[in-house]
Every structure is written in structure tokens, then in C-alpha cells.
Amino acid sequence: MTESSTEVLDVAPRSAPVAVGPGLRAVALAPFQARTWKELGYLIAASVLGSFGIGYLYLGLGGGLFFAVLVVGVPVLALVILGGRVWAAVYRALVRTLLDTELDPPPPFRPKRGLIGFLTGAFTDLAAWRALAFLFVQSLLGVVIGYFVLVAVAMAVFTAISPIFWAIVRPVNVDADGVEHQSMVQFDDFYFDTWPRVLGLGAVGVLGCFVLPWLIRVVCLVHRQVAIWLLTPTNRERMSQLRESRRVAVEDSAATLRRVERDLHDGAQARLVTIAMALGRAEERVARGGDASDLIADAHSSSKEALVELRELVRGIHPPALELGLEPALETLAARCAVLVELRFELIARPSPAIEAIAYFSVAELLTNVVRHADANHVLVSVVPTGARLLTVTVRDNGIGGAPRPDAAMPGAGTGLAGLAARAGTVDGTMTVDSPPGGPTAIALTLPLVEPR
């Protein structure tokens, strides 16, 4: 009989190797990340701007209120209030560049005509008042809290490199008994005058350099949240923008339908009627035994012309070139323009179809305006990215200038610069016009890569 052996299995859990967690890795890399340095740059800029902001609020609002009893004080106070929009634009640019947060701008300031209309619009401009409130809060955050954070950063960095300074400069302190100590830091009677003490102090500074980035991020989080609260449109303003965008979209659609109906009635339909009549006469002539080749030739020629008109009509609704992308479509426009057009296209990501259509038709209309009114011989069309979610389409010519601002155009116009600005506004885009008398003219449209939902 064979004795069976029993194999004992070791099922005791084995300890897994200790791995560096993502939290420890994030702490170790924080001082060397671009985000930390950008946020530190924002705190420095906010501290400097905060000092000027306090002076602006004190002198501007205080002086305006003081001179409000005089006639000149009221317009000055109105300008000071509207100046909040300028401060808001500066801070939005800083937040976008250094804090990587895109803030939607409020609706533009559109006062009524006349001095009374301007003053009433200024004193009731909610966006300007919210910008002034932001400037007040931001100045306190930038000057007071920012000061302590920047001092903490400076102390941590100096403490971290203090052993080098201690070894090179060899500072000397004398205690109450007249004994000299090679020390630059002391706590009561405790001097950092030996290498172990100095290196320990430096280690504390190095530790602070790894901790301070998180303090900076917390402070910048507060700055960012305050900017979101006070520098972006309120729900009421957003609803107003949505209503205006919907009205413009409806009017634009109605105008497009009327144009299509008119073009079909006056163009293709008339051609088709002519073809039908020619074929009818040809049929009668053939029935009588005559030669109808000339009528058939006329009908054939008219059918070709009708096809050309239908093709142009379809191109006006949705250009076939856009199926290949915005760049080929703009190249087609540039090739057809009567003025020399230089195209600079730097987009990597393709915009959504609606954005491509707006950009295409805007460039088409602007090139038409250049040919008709600008007296130019060169046009530069550039399409470049602006941040991660925007693109800017710029049409610049060397003509005579003098193009009107969009808000100076005829109200209710569906075309022209006012129509282009309204069309861009339907997707939360903006348009700027720089056209001094004598030229040159530069018209820029800033559009999102994807239309807002």
C-alpha cells in the first residue's frame, strides 16, 4: 500500500509591491507644471492690476459722485461706469490666457440716441455694474490675499536655496552675549549656524515649494469662480441674446426662402416655361411636316441655361465646395473674385457644417463688398484658430476704408455688415470692423468651432 502524500498549498496573501500613487506623483510634479507657473503669473498680474483697480474705483467713482452736483460730473460718472467693461475685457483675457477658462462676454453696450439715451444706458448697464463689482472683489483678492500668497512663495523659494546663500555669503549674527554665529535665520536663541540645521531649514523650504502650488490653485479657483459669477452674462442677458438670435435666424430663413422663391420664379421657372413653349411649337411644326430643328436647338440651349441657374441657386443655399471643407470652398471664392485674394488657412480641426456655412457666406459677401465699394487691388483672407474652441475669419483689403460699423447700418437689414454681425450672433459669434477713412479695412468674425446647443 502506497502512502499518499498531502501537498500543503501556501494561500497566505502576499504583499503587493508599493507603487507611487497618482496623488504623490501630482504633488511631485506640481512645481514644474506649466499650470502652476501660469497661475502664479495670474496672481502677480492680479496683484498689480488690483492696485490700479482700487485707485480707479476710488478716484473714478468718488470723483464722479463728488462732481455729480455739477453738470460735468454726470457724464464723467457714466464713463467711469462704462469703464468697468474695459476692465472686464482685460480680466477675461487674463483668465482665458493664464487660467485656461473661456468666459462668454456680455451683450455689447447699445445706448439709445442722444446724450440722455447714452447716460440712461450707462447708468442702467447691468454688465458694467457687475464688472465694477468684480473689480472691487478682484482688487481685494489680488492685493490682500495675493500679497500673502506671493510672500509665502518668495519665503519658500528663499528658504529652499538658503543653504547656498549661507555657504557663499557666510552671514554673521551676534547674540546677546557677544558670541558670533554664522547664521541668517534665528528663532529666539536658536541659530541656524551648522550644516545640519541649515540643510534642515532648506528641506523645509523645498517641502514648501511642493505644497505652495496647491495653495496657488485654491486661490486661483476662487479668482476663477468670481470671474464666472460676475463677468459672464446673467440668465436674463442670455435669454435676451437667445431671443435676438432666434429673431435673426427666423428673419434670415424667411429672407432666404423669399430669395429662393424669387430666383425660381424669375429664373429657372421662366426658362422652363420657354422650353415648354418651344417644344410645343416644335411638336406642332413636326405634326405639319415641317422642320423643327431650330426650335429644338433653342429648347436645348434654354435647358442648359436653366441648369446653370439651378446650379447657382443650389450653390447659394449650400455650396458644393463645402462638402470638401471650408478651405477648398474659400479657395474657390478666391479664384472667382475679381480682386487678387491671398488665402491664409491655419485651422487643424474642422468646424461644424453650420459654422462653415456662416464663415463661407460671410467671406463671400465681404469679398463682394470689396469689389463693389473698396477700390482695392489686394485682399487677405485669413482663417486661424483662437484658443481651443474659437476661430477668427479676417478679411483685410488695401482699399479706401470708411466701412460703417455694424450697429450703424440700417436696422432690419438682412444683408451688409449688420446682417453679417447678426448671423454671427446666432452662434454666439462676434464681428469687429476696423476701417478708418483712407483704409485699410479689416473685418474680423470670431466664431465657435461648434455651434452652441
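This report covers backbone features and nonpolar cores in a predicted model.

Residues are numbered from 1 along each chain as its sequence is written, and side-chain values use heavy atoms, without hydrogens and water. Local features need pLDDT of at least 70 and side-chain atom pairs count only at pLDDT 80 or more, whereas totals for chains, interfaces and linings use all residues.

Helices (H or I, at least four residues) and strands (E, at least two) are DSSP runs numbered from the N terminus. Glycine 439 and proline 440 are joined by a cis peptide bond, with omega about -5 degrees. Proline 440 sits in the loop between β8 (430-434) and β9 (441-448).

Aspartate 100 has a positive phi although it is not a glycine, and aspartate 375 likewise has a positive phi without being a glycine. Exposed means over 50% relative accessible area and buried under 20%, with partly exposed in between (1.4 Å probe, protein chains only).

A nonpolar core is a set of buried Ala, Val, Leu, Ile, Met, Phe, Trp, Tyr and Cys residues joined through side-chain atoms within 4.5 Å. The largest has 38 residues, of which Val363, Leu367, Val379, Leu391 and Leu447 touch the most other members. At least two residues each come from α10 (326-336), α11, β6, β7 (390-397), α12 (416-425) and β9. The largest share, 11 residues, is from α11. Another core, of 32 residues, lies apart from it and includes Ile81 and Cys220.
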